[in-house]
Amino acid sequence: MDDDHSKGNNTTVDSAKADRSIWLMKCPPVVSKAWQSSAASGDSPPLAKVVVSLDPLQSEDPSALQFTMEMAGNEVVNMPKSYSLNMFKDFVPMCVFSQTNQGRIAVEGKMEHKFDMKPHHENIEEYRKMCRERTNKSMIKNRQVQVINNDNGVHMRPMPGMMGFITSTSKDKKKAAPVKSSEVKRTRRDRGELEDIMFKLFERQPNWALKQLVQETDQPAQFLKEILNELCVYNKRGTNQGTYELKPEYKKSVVDTGAV
C-alpha cells in the first residue's frame with residue numbers, strides 16, 4: 001500500500017502556486033554570468049533593483065509605463081550598471097514548473113510579462129567596449145608544444161589489430177565520395193561569443209549579406225538569423241538591398257570611430 005501511495009504522489013502536480021505572477025526576462029550573457037557567479041559563492045545579496053516609472057498624465061498609454069533595472073554588484077569590470085526593460089505582452093502563454101530530487105512536480109506560476117533587457121543609451125559605449133575586449137580575448141589562440149620523451153616512434157606505430165582500419169585499397173578510395181561543403185554540419189558557438197564576433201565584423205564593414213556572415217563565422221544560417229534579428233536591420237531596398245546592418249543603438253559613435 002505504501003509503495004502504491006508513493007507512486008501515486010509522483011504522478012500528481014502541486015498547483016498551489018499556479019496563479020502566482022512570474023516575469024520572464026531575457027538578459028545579456030555578461031549579466032547572466034554575473035548572477036550565476038554570485039549564486040555559486042553561497043551569499044545571497046540583492047542582485048538588482050527594478051524601478052517602475054509611470055506618467056500620471058498618460059496613464060492609459062502603455063508606453064507611459066517604463067521599467068529600468070539597476071545592478072547591485074560591481075564584480076565585472078566595464079559592465080553597465082543601468083539597463084532598460086522593454087516589456088511585451090504579446091507572447092505565447094507559459095507556466096513555470098519545478099521538480100525536486102524525489103520527482104515531485106509543482107507549478108511555480110504563470111508568465112505575466114516578458115522583458116528584453118539591454119543597456120541604457122548612455123551606457124552603450126561602455127557595453128561596446130566590454131564586448132570588444134571579450135571578442136579580442138576569444139580570438140587569441142593559446143597554442144602549446146609538448147615534447148615527446150620517447151623518440152623511438154613507438155607512440156606513432158599502429159597498434160596490433162588496427163592495420164585493417166588504416167589500410168585501404170584504391171578501389172575503396174574511389175567509392176568514397178567527397179563531402180560537399182554545404183553538407184558539413186556546423187557547430188553552434190556560445191551565443192555571447194558569437195555576438196562579440198558579429199560586433200567585430202560590423203566594425204570591419206557596415207553591411208553584410210547572410211551568405212558572407214555564414215562563411216566568416218562558420219555558423220548555421222538559421223542560428224545566425226536569430227542573432228541578426230536582434231542586433232541588425234535588414235535592408236529590403238536601396239543600394240544595400242539584401243544586406244544586414246547594426247541597429248542604431250549598437251552602432252559605434254562617430255567619436256569612437258575617430259578614436260580607433
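## Meet R191

R191 has a relative accessibility of 28%, so this residue counts as partly exposed (buried means under 20% relative accessible area, exposed over 50%, and partly exposed in between, using a 1.4 Å probe and protein chains only). Through salt bridges with shared partners, K26, R191, E226 and E230 form one network.

The model is predicted, so local features need pLDDT of at least 70 and side-chain atom pairs count only at pLDDT 80 or more, while totals for chains, interfaces and linings use all residues. Residues are numbered from 1 along each chain as its sequence is written, and side-chain values use heavy atoms, with hydrogens and water left out.

Side chains of opposite charge can pair when their charged atoms come close. In a salt bridge, a side-chain nitrogen of Lys or Arg is within 4 Å of a carboxyl oxygen of Asp or Glu. E230 and R191 make one at 2.9 Å, N to O. E230 sits in helix α8 (residues 221-231) and R191 in helix α6 (residues 191-204), so the pair ties together parts 39 residues apart in sequence. Helices (H or I, at least four residues) and strands (E, at least two) are DSSP runs, numbered from the N terminus. E230 is partly exposed, at 27% relative accessibility.

## Other salt bridges

How many salt bridges does a search of the whole structure find? The search finds eight. Among them is E108 with K17, at 4.0 Å, N to O. This pair links distant parts of the chain, 91 residues apart: E108 is in strand β7 (residues 105-119), and K17 is in the loop between β1 (13-14) and β2 (21-26).

E193 and R189 also meet in a salt bridge, at 2.7 Å, N to O. E193 is partly exposed at 25%, and R189 is partly exposed at 33%.
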